[in-house]
Amino acid sequence: MFGFSKRRSQFETVVDTYHRMLLATAARLLGRTDHAEDVVQDTFIRLARQWKEEMVPSPAMTAWLRVTLRNLAFDALRKRQREANLHQRAFQFVPESVGPYRNAGRVAEANTVSLAEQALSVLSERERELVTLRIYEELSYKEISETTGLSVGNVGFILHEAMRKMAKALSSGSRKEQCPHD
């Protein structure tokens, strides 16, 4: 009984240590806090079930948590895309009389998106992930390589291309703000 109590206490320490970092990463990858919370919770559930070593924060645990979170986040993104495709097909059968109202929520949402989020949106899932790990998580190319399984050189190339795309999106976005009639 004492072993279970000790492991539970250690697990709570692990959650306290990693929760904020994982939630921030998941929110950036998924773009929605509510989905991020679900993915982080699933990550910790997997840790509790699968982690065989002592339940204490360590570099190995950090790497395991990042890889698991990444996989679960991409699973969630794929699921969300499948659901969006189903909704889009369903909207094809909506009468034209309700057409103008169908996109009102999307327009309002688009108006509230910041320039940085717009720049991130031009990136692929992989590019967005690497930018998140490099900029927000402040990981080195080597740490990103270990998390994603990409070579260090490939990480550098993808990040370079992602930054180029973001810079282009930001510059075109700022021109639109300056010239709203164009």
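**Figure 1. Contacts and overall make-up of the protein chain.** Among contacts in the protein chain between residues at least 6 apart in sequence, 62% join residues at least 24 apart. The model shown here and in the other views is predicted. Its secondary structure amounts to nine helices and zero strands, giving the order α-α-α-α-α-α-α-α-α from the N terminus on. The protein chain has 182 residues, of which 30% count as buried.

Figure 2. In soluble globular proteins, nonpolar side chains tend to be buried together. Here the largest nonpolar core has 22 residues. Tyr18, Leu22, Phe44, Leu47 and Met61 are the residues with the most contacts inside this core. Two or more residues each come from helix 1, helix 2 (33–50) and helix 3 (59–91). The most is given by helix 1, with eight residues. Apart from this core lies another, of 15 residues, including Leu120, Leu130, Val131 and Met166.

**Figure 3. Surroundings of Tyr18.** Neighbours within four places in sequence are left aside in this view. Tyr18 is then in contact with Phe44, Pro57, Ser58, Met61, Thr62 and Leu65. Among these partners, Phe44 and Met61 are also listed with Tyr18 as residues with the most contacts inside the largest nonpolar core.

Figure 4. Gln10 lies in helix 1 (residues 2–30). With a relative accessible area of 15%, Gln10 is buried, because buried means under 20%. Not counting residues up to four places away in sequence, Gln10 touches Glu54, Met55 and Val56. Thr17 is also found in helix 1, but its relative accessible area of 44% makes it partly exposed. Thr17 and Val56 are 39 residues apart along the chain, and their C-alpha atoms are separated by 9.6 Å.

Figure 5. Side chains of opposite charge can pair when their charged atoms come close. The count for the model comes to six salt bridges. One of them joins Asp75 to Arg78, with the closest N and O atoms 2.6 Å apart. The two residues are three residues apart in helix 3 and so are separated by about one helical turn. Asp75 is partly exposed at 38% relative accessibility. Arg78 is likewise partly exposed, with a relative accessible area of 41%.

**Figure 6. The salt bridge between Glu127 and Lys165.** The side chains of Glu127 and Lys165 meet in a salt bridge with an N to O distance of 3.0 Å. This pair links distant parts of the chain, Glu127 being in helix 7 (residues 125–136) and Lys165 in helix 9, 38 residues apart. Glu127 is buried, with a relative accessible area of 9%. Lys165, by contrast, counts as partly exposed at 30%.

**Figure 7. The two sides of helix 8.** Helix 8 (residues 141–148) has the buried residues Ile144, Ser145, Thr147 and Thr148. Seen down the helix axis, these buried residues fall within an arc of 165°, so they line one face of helix 8. The face turned away from the buried side carries the exposed residues Lys142 and Glu146. Their relative accessible areas are 54% for Lys142 and 52% for Glu146. Lys142 and Glu146 form a salt bridge, the closest N and O atoms being 3.8 Å apart. Both lie in helix 8, four residues apart, about one turn of the helix. Just after helix 8, Gly149 takes a positive phi of about 85°.

Figure 8. Asn154 lies in helix 9 and counts as partly exposed at 31% relative accessibility. Asn154 and Tyr141 are 13 residues apart in sequence, with a C-alpha to C-alpha separation of 9.4 Å. Met163 is also placed in helix 9 (residues 152–178). Met163 is partly exposed, with a relative accessible area of 33%. Together with Ile135 and Tyr136, Met163 makes a nonpolar surface patch of about 260 Å².

Technical notes:
Residues numbered from 1 in each chain as written. Predicted model: local features only at pLDDT ≥ 70, side-chain atom pairs only at ≥ 80, totals over all residues. Heavy atoms only, no water. Patch = residues over 30% accessible without salt bridge, like charges linked within 9 Å, V, L, I, M, F, W, Y side chains within 5 Å. Areas by Shrake-Rupley, 256 points an atom, 1.4 Å probe, with all protein chains shown as cover. Salt bridge = Lys/Arg side-chain N within 4 Å of Asp/Glu carboxyl O. Buried < 20%, exposed > 50% of the residue type's maximum accessible area, 1.4 Å probe, protein only. Arc of directions from axis to C-beta. Contact = heavy atoms within 4.5 Å. Core = buried A, V, L, I, M, F, W, Y, C linked by side-chain atoms within 4.5 Å.
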